[in-house]
Amino acid sequence: MITIDLQGIPVPALGFGTWRLRGDEARTAINTALGAGYRHLDTAQMYENEAEVGQAIRQSGVEREALFLTTKLWRDDLHHADVLRATDESLRRLGTEYVDLLLIHWPNEAIDLRETLDAFQEVRTQGKTRLIGVSNFTPSLLAQALDHVPDLTCNQVEYHPFLNQQTLLELVRKHGMMLTAYSPIVRGTVAENYTIRAIAETHGKSPVQVTLRWLLQQDRVAAIPRSATPDHITANLNLFDFALSEDEMDRMDALAENRRLINPDFAPAWEG
Ligand SMILES: NC(=O)c1ccc[n+]([C@@H]2O[C@H](COP(=O)([O-])OP(=O)(O)OC[C@H]3O[C@@H](n4cnc5c(N)ncnc54)[C@H](OP(=O)(O)O)[C@@H]3O)[C@@H](O)[C@H]2O)c1
């Protein structure tokens, strides 16, 4: 496994996404993922599956300390008192005393970012999260957040071969952070691309595996593909017996355009 060092904490660069997994499907998928060897899980209050994530962790028998667990607070819960309350609610549902990474799920311009970040720091001081970070922050919003709290560790954003995130990557690397790529396999549709298919054939791998490998070979990039299909869960972790050449990395880089899958009406103005 490739790991990313975040303030001395080794984070497995390949994690397991859980959006849209609920109930038994969530428990089964997360259990399968933990059994296959994933040790980095991504959830959020908005996914309404934190209880299932907690149950699956306990059922799996994997030690809590062996896991890197991320959750996110929704954008309505970013005032100081709401951050403290919502974090406690997440911990209760997850059945754990701490998460490893707590994120602001989406920025909310109606709430002072400094107030939210101060509350996040308080939660960290209380030991309820080891690291704090953000999600869906544009480069200028991330710069603002870093001005206030220089030791933020993560920006989780949409990132895949068809979306250019170069500006954000440079900022993240400059600050020793991690960029976590969500929707990293474009919902499984990367196989439609000729270049990715051709590179995959060269390695005897699938287009999804080549896409995940491309992400993980980039400095300080993590990826959190989601799957409810056991064969996919295993295959998505099977990335460490091959490597892309510099030329293959360049050919994948050249696919970048501005194709976004996630663009809700409350998203901050895109800085492409
Ligand atoms: N911070 C945010 O605002 C935000 C937004 C979106 C997502 N996320 C996080 O990122 C995670 C991943 O993003 P995502 O769920 O949008 O999309 P994704 O991981 O790019 O794609 C998931 C889809 O790909 C399919 N798939 C998975 N492995 C496959 C394989 N090997 N071959 C073919 N198809 C495959 C899955 O179907 P099967 O189930 O059949 O495998 C599923 O339909 C989320 O679950 C969530 O944790 C965060």
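Student: How do you know that β5 and strand β6 (residues 99-104) are paired, and do they run parallel or antiparallel?

Tutor: In this predicted model, four bridges join β5 to β6, and the two strands run parallel; since pairing requires at least two bridges, these strands count as paired. One of the residue pairs is threonine 71, whose bridge partner in β6 is leucine 102. The chain gets from β5 to β6 through helix α3 (residues 80-94), and this β-α-β crossover is right-handed.

Student: What makes strand β4 (residues 40-42) a partner of β5?

Tutor: Three bridges join β4 to β5, again in a parallel arrangement, and the requirement is at least two, so the pairing holds. Threonine 70 in β5 is the bridge partner of aspartate 42.

Student: Why is strand β5 (residues 68-73) called mostly covered?

Tutor: A residue is buried if 20 or more other C-beta atoms lie within 10 Å of its own, and six of the six residues in β5 are buried, so the strand is described as mostly covered. In a regular strand the side chains alternate between the two faces of the sheet. In β5, Phe68, Thr70 and Lys72 point one way while Leu69, Thr71 and Leu73 point the other way, and all of them are buried.

Student: Why does alanine 51 count as partly exposed?

Tutor: Alanine 51, which is found in helix α2, has 15 C-beta neighbours inside 10 Å; a buried residue would need 20 or more and an exposed one 12 or fewer, so alanine 51 falls in between and is partly exposed.

Student: Which residues come nearest to the ligand?

Tutor: Of the 26 residues around the ligand, Gly17, Trp19, Gly188, Arg226 and Ser227 come nearest. The shell divides into 11 nonpolar, 12 polar and three charged residues.

Terms used: Residues numbered from 1 in each chain as written. Predicted model: local features only at pLDDT ≥ 70, side-chain atom pairs only at ≥ 80, totals over all residues. Right-handed = clockwise from strand over helix to strand, strands pointing away. Near = placed C-beta within 6 Å. Nonpolar A, V, L, I, M, F, W, Y, C, P; charged D, E, K, R; others polar.
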